[in-house]
Amino acid sequence: MNRLFKVQSVIPKPIGGIRNFHSSSANYMFEKILVANRGEIACRVMETCKKMGIKTVAIHSDVDKNAKHVSMADEAICVGPAPTSESYLNIDAIIDAIKMTGAQAVHPGYGFLSENARFVKELENIGVTFIGPGSYAMHALGDKIESKRIAKEAGVSVVPGFIGEVDGMDHVLKIANEIGYPVMVKASAGGGGKGMRVCRNDEDVKIGFRLSKQEAKSSFGDDRMLIEKYIEHGRHIEIQVLSDGETALYFPERDCSIQRRNQKVIEEAPSPFMNEETRTKMGKEAAALCKAVGYKSAGTVEFLVDHDKSFYFLEMNTRLQVEHPITEEITKQDLVEHMIRIAYGEKLKIKQSDLKIHGWAMESRVYAEDPYRNFLPSIGRVKKYIRPSGPGIRIDGGIFEGAEISTYYDPLISKLITYGENRKNVITKMKRALDEYYIKGVNHNVAFLRDVMENKDFIEGVVTTDFIPKEYPEGFQGYKFSPKQIEQLSICAVFLRFVEQHKNLTNSSNTSRTSSISPDILYIAKVENVRHSIHFYPLENSEVDGAEGEDSSRFMVQFIDQEKDGQVIKEFELKLLDATPQFIKLNIGGISHRFQIHDKSATTFTLQFHGSKIPVTVLTPEEDLLVQYMPAKKTVDSSNSLISPMPGTILSLAVNVGDKVVVGQELCIVEAMKMQNVLRAPKDCEIKAINVKPGQVVSVDEVLIDFK
């Protein structure tokens, strides 16, 4: 037996999140399915298998041995070390795992081997069912080059470009100039934003083609590339299809226009832009594409839609999409169950007329990344993890508290889905859910997602694929707190400081100090560059901890103008509604507000409000006077160094010691989460020292190169 393999039997834990959508009974079904994936999609597939009474087998790399999907499966097998090429893309090891466990079928999820025709062929050769299309249909439609040929022959409008594989740098440059810039260079296999670049000139093509080809090889094991015209200011709208080889059905569309680095971030169904005529026309063309190759399974046909609702076929994904939950929510169908039943040989028991729109759904992808650093990935241990819950909220996640986010895999933490009767209702639920999402230990993009929910164009449904560069031209700078919100943050921090002082007094061994708290306390609250003088005191018969009920913890908050002899500018009554170590809910002047508490010291509290973290310092007047005597923190001069903006692995170095470089010149490539990132010279300079070598793992803010 291969020494990499380790079989462990685990007892499935109770799970939730997948609602009971359409289900049809069958006398016979697969008894055991191997899920050839990891993370949230592996967990998602296992949930439906559990609902159907099917046992599951998880595969994992050695670093994933304690992952959530492993604990959810009935059996788990290690298929290799951390690099995807040696584990999740290791076809031979996975085939051995199938034979070892007796799995009758394989669900590939998305990514990895989900669109690998060789893998499907290997399964066919050993009599194991692939839960997806057959190898012919996968090659015909899953391959972006071949699918364009088929679509064009079927009369589907396609994006202008070269229909075929580009053959080297000279070829791709020639075609790019014939098509006209901007162009999109992308991998023929895979998806998820990997292996693709928008190029606006010859230099972009030279870099983009090289990096995309390398990413495609690393992520999908297939580095064939194509090139097409990049249509700006369009909407990315896709049609979910389901086919049993005879009947092909199309679902209401998903709008996936909000993207960063060509990867979707927020999706919704239906699209606020579409009408019934365009929806039906796109759906029928998508279904016709399936019938052209006898497609059997779930799939997604992606289109680019212009401002006048003209649409162009982009590609077909012959697998389950990341964003499939929003389609499930508005149609009340379990797409994974349909895939399994079709793979087993059952015919569809639903009709086109069953696929009506019921309400609205939206998905936010919660990533371990730093939106303040151009969404660069973040790694580390998730120290605290509290998920939102409630009516109209669904979370498809693949981690738990204590999980490790590594550089080897996609940094997706979870998919946060809200659903309701209309778009306005769904956005309101999404804002509340994001405010309740508590993640500590890694950077994450909740602040960015929350900010989008309050963007005027987004609220009005006016979004295109260039939404992020248009709305955030200088990158995401954080939520812009209003003066009123800064007041609310100040009040919250003052309350927390007051509570801490109360605890210190009541816990003191000096009992003479425990009997009373000064009824008249003045604090100085500092938020960003704003100072507030706040007079804070408990009302009569008030309890600090609110132990006797909501009305038992009541305070008066007065904002003071110290330059006008302590004149009261405004005042609020404050009530403590709820509190945990991570959250506090306060009623300020009759309005409820929820704050997250992330860090605290004697005088500073890091709060999260409207999705964004911000430190608030609260001082007594005496402490405020002493601050001016504190020595200023020394800043580190990094102007003569290249600092790694992310954790990852040095893929290559483009310079040597002594080289003279110009601003913008490529210095090295850092690979993180299967994405390749070019680091460039920040100025004209000479290379003084190179502190890393190819293959070396580096951490964020590590000095890579020194300049003279």
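Is Thr606 buried or exposed? Let's start there. At 18% relative accessibility, Thr606 counts as buried; the cut-offs are under 20% relative accessible area for buried, over 50% for exposed, and partly exposed in between, with a 1.4 Å probe and protein chains only.

Before I go on, two bits of housekeeping. This is a predicted model, where local features need pLDDT of at least 70 and side-chain atom pairs count only at pLDDT 80 or more, while totals for chains, interfaces and linings use all residues. Residues are numbered from 1 along each chain as its sequence is written, and side-chain values use heavy atoms, with hydrogens and water left out.

Back to Thr606. You'll find Thr606 in strand 32, residues 604–609. When I say strand or helix, I mean DSSP runs numbered from the N terminus: H or I and at least four residues for helices, E and at least two for strands. Leaving out residues up to four places away in sequence, Thr606 touches Gln596, Ile597, His598, Asp599, Lys613, Ile614 and Pro615. Touching, or contact, means heavy atoms within 4.5 Å. Thr606 and Leu489 sit 117 residues apart in sequence, but C-alpha to C-alpha they are 10.0 Å apart in space.

Now the cores. A nonpolar core here is a set of buried Ala, Val, Leu, Ile, Met, Phe, Trp, Tyr and Cys residues joined through side-chain atoms within 4.5 Å. The largest one has 38 residues, and the members touching the most other members are Ile258, Ile266, Ile413, Leu416, Phe448 and Phe458. Among the elements that each supply at least two residues of this core are strand 14 (263–269), strand 24 (412–420) and helix 12 (423–436). There's also a second, separate core of 37 residues, which includes Met46, Tyr110, Leu335 and Ile342. As background, nonpolar side chains tend to be buried together in soluble globular proteins.

Beyond residues up to four places away in sequence, the contacts of Ile413 include Val366, Tyr385, Ile399, Tyr437 and His444.

Next, how do helix 1 and helix 11 cross? The axes of helix 1 (residues 39–52) and helix 11 come within 9 Å and cross at roughly 65°. Those axes are lines fitted to C-alpha atoms, for helices over the stretch in contact, and the angles run from 0 to 180 degrees between N-to-C directions. Helix 1 and helix 11 are therefore roughly perpendicular to each other. The scheme is: under 35 degrees roughly parallel, over 145 roughly antiparallel, 65 to 115 roughly perpendicular, and the rest oblique. On the helix 1 side, the contact residues include Arg44, Val45 and Thr48, and on the helix 11 side they include Leu335, Val336 and Glu337. The residues of that contact divide into 6 nonpolar, 1 polar and 4 charged. For that count, Ala, Val, Leu, Ile, Met, Phe, Trp, Tyr, Cys and Pro are nonpolar, Asp, Glu, Lys and Arg are charged, and the others, Gly among them, are polar.

Compare that with helix 7 (residues 168–179) and helix 8 (residues 202–220), which pack at about 135° with axes 10 Å apart. Helix 7 and helix 8 are therefore oblique to each other. Here Gly168, Met169, Val172, Leu173, Ala176 and Asn177 of helix 7 meet Asp202, Val205, Lys206 and Phe209 of helix 8. This contact splits into 6 nonpolar, 2 polar and 2 charged residues.

Most residues other than glycine have a negative phi, and most peptide bonds are trans. So which bonds are cis here? One joins Tyr181 and Pro182, with omega about 0°, and Pro182 is in the loop between helix 7 and strand 8 (183–187). Another runs from Ala269 to Pro270, with omega near -5°, and Pro270 lies in the loop between strand 14 and helix 9 (276–292). For positive phi, look at Lys332, which isn't a glycine and has a phi of about 60°. Lys332 lies in the loop between helix 10 (324–331) and helix 11 (335–344) and is partly exposed, with a relative accessible area of 32%. Glu528 has a positive phi too, near 55°. Glu528 is in the loop between strand 26 (521–527) and strand 27 (530–538), and at 54% relative accessibility Glu528 counts as exposed.
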